[in-house]
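I opened my notebook to look up how this chain is put together.

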Amino acid sequence: MLTKNLVKSRPTQRTIADKVGISVGAVSRALANDPMMAKDTRALVQKTAKELGYSPDRAAQRLRTGRTHVINLILPPHEEILGFGTQLIRGISTRLESTNYHLVVLPDFCTEQSVEHIERIVQDKLADGIIFSRTKPNDSRIRYLLEAEFPFVTHGRSELATQHPFVDYDNFGFGLSAAEMLLDRGSKHLSILLPPKEFTFHHHLLHGFMSCVHKSGVEFEIIKDVTLDSGADQIHAWFQTRFSAPNAPDGLVLPGDVSGLAALAAIQDLGLTPGRDINVVVKHTSRVFDFVRPKVDSLYEDLSAAGEHLTDFLLKRISGEPNAGLQFIQPVLSTQTGTAVHAEPKLCT
């Protein structure tokens, strides 16, 4: 009886139309946020729908339009970046607020699992579009989606010949700018921690860093025994060992919050002082380094903004826009000013 009463009393678009005094067709357009309708009318319809407790019948919508109105975010742990998922989701959700789409997050702990998720989504038509990250130069997920002509956008780039939608951080610019900052601080022996070689942004970071050290002629070393994906305890132990040995670097590039905190702990556990004995530049996304003492140099990646760009591009692909023009590289941001850092070599001449 309760179920029957709920079904019977469930508000429909006809209920909203009668309440507002417009046609059902006009209600449908207003709920779809049709830009051709008057803004006041859209606002009134949406307000009334909320007051009445209206929610669309998604099964009926799917039968009528062929769309699920679902966007899938395939989300790896990204343990090297504090709050990665939270910030990305915040940006995506901000952009979806004014649409009929809702977000479904699928956890992803390895590339193979990610491939399985994507194949199932496409084959079973579980979503209208997909967002995923941690891209590789020859990424099989991207190739599959391009061949399937299924809407998607990636956080990160590939090196495939076919153009695809992406939003990426200027990791080349970060590697270059961070090395420049260390030289400006007087460092003579630079070192960088990198992500695993399989990921595209490993090569971008390395290229930016090497562009500076080669031009400056400064001594350098590439950390090989641990990566950005290593656990904080492993990173801490490695830096303790390295900085206890002769000819240790006096300038560090650390492209992640967790690696930065682990390295700083190791340095200070040895009685060394960041900024005096060793200069450090960290890429951070969580603003945690605003509260780390002594202060270290940092450059900022805005993941919420990345989420907004990713969503904008995916909605354009879902609506039928071509891949061309749906690519964006986020600039390296100064932590102090929030403005873009110029990526051209300055000190590396």
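This is a predicted model: local features need pLDDT of at least 70, side-chain atom pairs count only at pLDDT 80 or more; totals for chains, interfaces and linings use all residues.

**Entry 1: the overview**

I counted the elements and got 13 helices and 12 strands in the chain. Next I looked up burial: of the 349 residues of the chain, 48% count as buried. Then I checked how far apart in sequence the touching residues are. Among contacts between residues at least 6 apart in sequence, 65% join residues at least 24 apart.

**Entry 2: the parallel sheet**

I traced an open sheet of 6 strands and wrote down its order as S2-S1-S3-S4-S5-S11, with parallel pairing. At its edges I found strand S2 (102–107) and strand S11 (327–330), and each of them pairs on one side only.

Then I went strand by strand. S1 and S3 pair in the parallel sense over 3 bridges, and Asn-72 stands opposite Ile-130 in S3. Moving on, I found 4 bridges in the parallel pairing of S3 and S4. One pair I jotted down there is Ser-133 with its bridge partner His-155 in S4. His-155 turned up again at the next step, with Val-167 as its bridge partner in S5. Strand S4 (residues 152–155) and strand S5 (residues 166–169) are parallel too, paired over 2 bridges.

I also looked for helices lying against this sheet. Helix H8 (residues 140–148) packs on it and touches S3 and S4, with its direction making about 165 degrees with that of S3. Helix H6 (residues 84–96) lies across strand S1 (70–75), S2, strand S3 (129–133) and S4, and it runs at about 165 degrees to S1.

**Entry 3: a closer look at S3**

**Entry 4: the mixed sheet**

I found another open sheet of 6 strands, in the order S7-S6-S8-S9-S10-S12, and here the pairing is mixed. Strand S7 (219–222) and strand S12 (333–334) are at the edges with a single partner strand each, so one side of each has no neighbour in the sheet. Strand S10 (residues 297–300) and S12 run antiparallel and are joined by 2 bridges. The pair I noted is Tyr-300 with Leu-333 in S12. On this sheet packs H12, which touches S8 and S9 and makes about 155 degrees with the direction of S9.

**Entry 5: the nonpolar cores**

How many residues does the largest nonpolar core have? I got 43, and those with the most contacts inside it are Phe-174, Leu-190, Phe-209, Phe-239, Leu-252, Leu-254 and Val-280. Among the elements giving it two or more residues are helix H9 (171–184), helix H10 (200–216), strand S8 (251–254) and strand S9 (279–284). Apart from this core I found another, of 19 residues, among them Leu-96, Tyr-101, Val-153 and Ala-306.

I picked Phe-174 and listed some of what it touches beyond four places away in sequence, including Tyr-169, Leu-205, Val-253, Leu-254, Val-282 and Val-332.

Last, I looked up helix H3 (residues 24–31) and helix H4 (residues 39–52), whose axes come within 9 Å and cross at roughly 90 degrees. H3 and H4 are therefore roughly perpendicular to each other. At the contact, Val-27, Ala-30 and Leu-31 in H3 meet Arg-42, Val-45, Gln-46 and Ala-49 in H4. I sorted these residues into 5 nonpolar, 1 polar and 1 charged.

How values were computed
Residues are numbered from 1 along each chain as its sequence is written. Side-chain values use heavy atoms; hydrogens and water are left out. A nonpolar core is a set of buried Ala, Val, Leu, Ile, Met, Phe, Trp, Tyr and Cys residues joined through side-chain atoms within 4.5 Å. Buried means under 20% relative accessible area, exposed over 50%, partly exposed in between (1.4 Å probe, protein chains only). Contact means heavy atoms within 4.5 Å. Two strands pair if DSSP finds at least two bridges between them. Axes are lines fitted to C-alpha atoms, for helices over the stretch in contact, and angles run from 0 to 180 degrees between N-to-C directions. Angles under 35 degrees count as roughly parallel, over 145 as roughly antiparallel, 65 to 115 as roughly perpendicular and the rest as oblique. Ala, Val, Leu, Ile, Met, Phe, Trp, Tyr, Cys and Pro count as nonpolar, Asp, Glu, Lys and Arg as charged, and the others, Gly among them, as polar.
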